[in-house]
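Me: I would like to learn how to read a structure like this one feature by feature. Could you take me through it slowly, with the general idea before each case?

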Amino acid sequence: NEALQKHFNTNIFEMEMTIYTAEDIIIPDLSYKDNEDILDLVMKKPKGLIPLLDEEGQVPRGSWEGFLRKFTTHHVKSPRLKYRQGLQTFTIVHYAGDVTYDPSLFIIKNKDTLSADLSEAMRLSTVLLIKELFEEPVAPPSSGGRVSSVSAKQTVGTNFRVQLDHLIANLNTTSPKYIRCVKPNAEKKPHLFDSALTN
C-alpha cells in the first residue's frame with residue numbers, strides 16, 4: 001500500500017506540478033506527505049525491516065527478539081517508528097494511520113517457503129494460472145537487468161520485494177488515470193450537496 005501511495009503521489013502531485021510549471025500556471029500552496037521514508041523503513045537495504053528480518057533468519061540462533069532489538073535500535077530516531085523499551089510490539093506510522101506489529105512470528109513466517117521440487121512441479125503445470133503464479137521472476141526494467149538470486153529458498157519478504165519491484169516497474173510504464181470520488185454529503189442521500197464537501 002505504501003508503494004502504491006508513493007506511485008499515486010508521484011503522478012498526482014509531482015508530475016502535475018511539473019506540468020503547471022511548464023505552462024506558467026501559478027502553483028497553489030500544496031503540501032502532501034511524501035512516504036519515501038516509510039518505504040525505506042520497511043524495504044531499504046541493509047537496515048530496513050525486510051532486509052534485517054532476512055539477515056536475522058540466516059544468523060545462527062537468530063531470533064525475533066534479536067530482530068526487534070536491531071530494528072528498533074537502528075530506527076530509534078525515525079518519526080515513523082513508535083517503540084517503547086521492553087515492549088514486544090512496535091508501531092509504524094503509515095500514511096493511512098498507525099499500525100502496531102507483533103514480530104514474534106516474523107522469522108518463522110519469513111522462512112515459509114516451498115520446496116524446490118514443489119515449485120518446479122507448479123511451473124510445469126498444464127493449468128495456465130498455476131504455471132503463471134509460480135514463474136521465476138525476471139528482473140524488472142528499472143533494475144538494469146539485475147535481480148537478486150531468485151530461488152525456491154528465497155524468503156517470503158525478499159520474494160515480496162521482488163514482486164513489488166515488478167509491479168511498480170509495470171505501473172511506471174503506464175499513463176495512469178485516477179477517478180476522484182466526491183462525497184457530496186455525510187448522510188449519503190441523493191440530490192443533497194454540502195458545499196463544504198463539494199467545493
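Reply: Let us begin with burial: a residue is called buried when its relative accessible area is under 20%, exposed when that area is over 50%, and partly exposed in between. Please keep in mind throughout that this is a predicted model.

Me: Is H7 buried or exposed by that cut-off?

Reply: H7 has a relative accessible area of 9%, and because buried means under 20%, H7 counts as buried. This histidine sits in helix 1, which covers residues 2–22.

Me: Which residues is H7 in contact with, once its neighbours within four places in sequence are left aside?

Reply: The contacts of H7 are L171, N172, P176 and Y178. With N172 there is also a polar contact, in which the two side chains are joined at 3.4 Å.

Me: At what angle do helix 3 and helix 4 pack, and how far apart are their axes?

Reply: Two packed helices are described by the angle between their axes and the distance between the axes. For helix 3 and helix 4 the angle is about 145 degrees and the axes are 10 Å apart, while the crossing of helix 3 past helix 4 is right-handed.

Me: Which residues meet where helix 3 and helix 4 come together?

Reply: From helix 3 come L49, L52, L53, E55 and E56, and these meet G66, F67, K70 and F71 of helix 4. Sorted by class, this contact has 5 nonpolar, 1 polar and 3 charged residues.

Me: In what order do the strands lie in the sheet?

Reply: In a regular strand the side chains alternate between the two faces of the sheet. Here 3 strands form an open sheet in the order 1-2-3, with antiparallel pairing. The edges are strand 1 (81–82) and strand 3 (97–101), each of which pairs on one side only.

Me: How many bridges pair strand 2 with strand 3?

Reply: Strand 2, at residues 90–94, pairs with strand 3 in the antiparallel sense over 5 bridges, and in one of the bridges between them V93 has D98 of strand 3 as its partner. The hairpin that joins strand 2 to strand 3 passes through 2 residues.

Me: What is the phi of K188, and what is the phi of H191?

Reply: Phi of K188 is near 60 degrees, a positive value in a residue other than glycine, and H191, which is not a glycine either, has a positive phi of about 60 degrees. K188 belongs to the loop between helix 8 and helix 9, and H191 is found in that loop as well. K188 is exposed at a relative accessible area of 71%, and H191 is exposed at 79%.

Me: Is N185 buried or exposed?

Reply: N185 also has its place in the loop between helix 8 and helix 9, yet with 2% relative accessibility it counts as buried. Its side chain reaches the backbone nitrogen of E187 at 3.1 Å, and, not counting residues up to four places away in sequence, N185 touches L192, D194 and L197.

Me: What does P184 contact, leaving aside its neighbours within four places in sequence?

Reply: P184 is in contact with L192, F193, D194, L197 and T198. It lies in the loop between helix 8 (156–172) and helix 9 (195–198), and at 26% relative accessibility it counts as partly exposed. For a sense of distance, the C-alpha atoms of P184 and K111 are separated by 48 Å, and these two residues are 73 residues apart along the chain.

Terms used
Residues numbered from 1 in each chain as written. Predicted model: local features only at pLDDT ≥ 70, side-chain atom pairs only at ≥ 80, totals over all residues. Heavy atoms only, no water. Pairing = 2+ DSSP bridges. Helix = DSSP H or I, 4+ residues; strand = E, 2+ residues; numbered from the N terminus. Buried < 20%, exposed > 50% of the residue type's maximum accessible area, 1.4 Å probe, protein only. Polar contact = N/O pair within 3.5 Å; in protein donor to acceptor, adjacent residues only side chain to side chain. Contact = heavy atoms within 4.5 Å. Axes fitted to C-alpha atoms, helices over the stretch in contact; angles between N-to-C directions. Left-handed = near helix turned anticlockwise from the far one by under 90°. Nonpolar A, V, L, I, M, F, W, Y, C, P; charged D, E, K, R; others polar.
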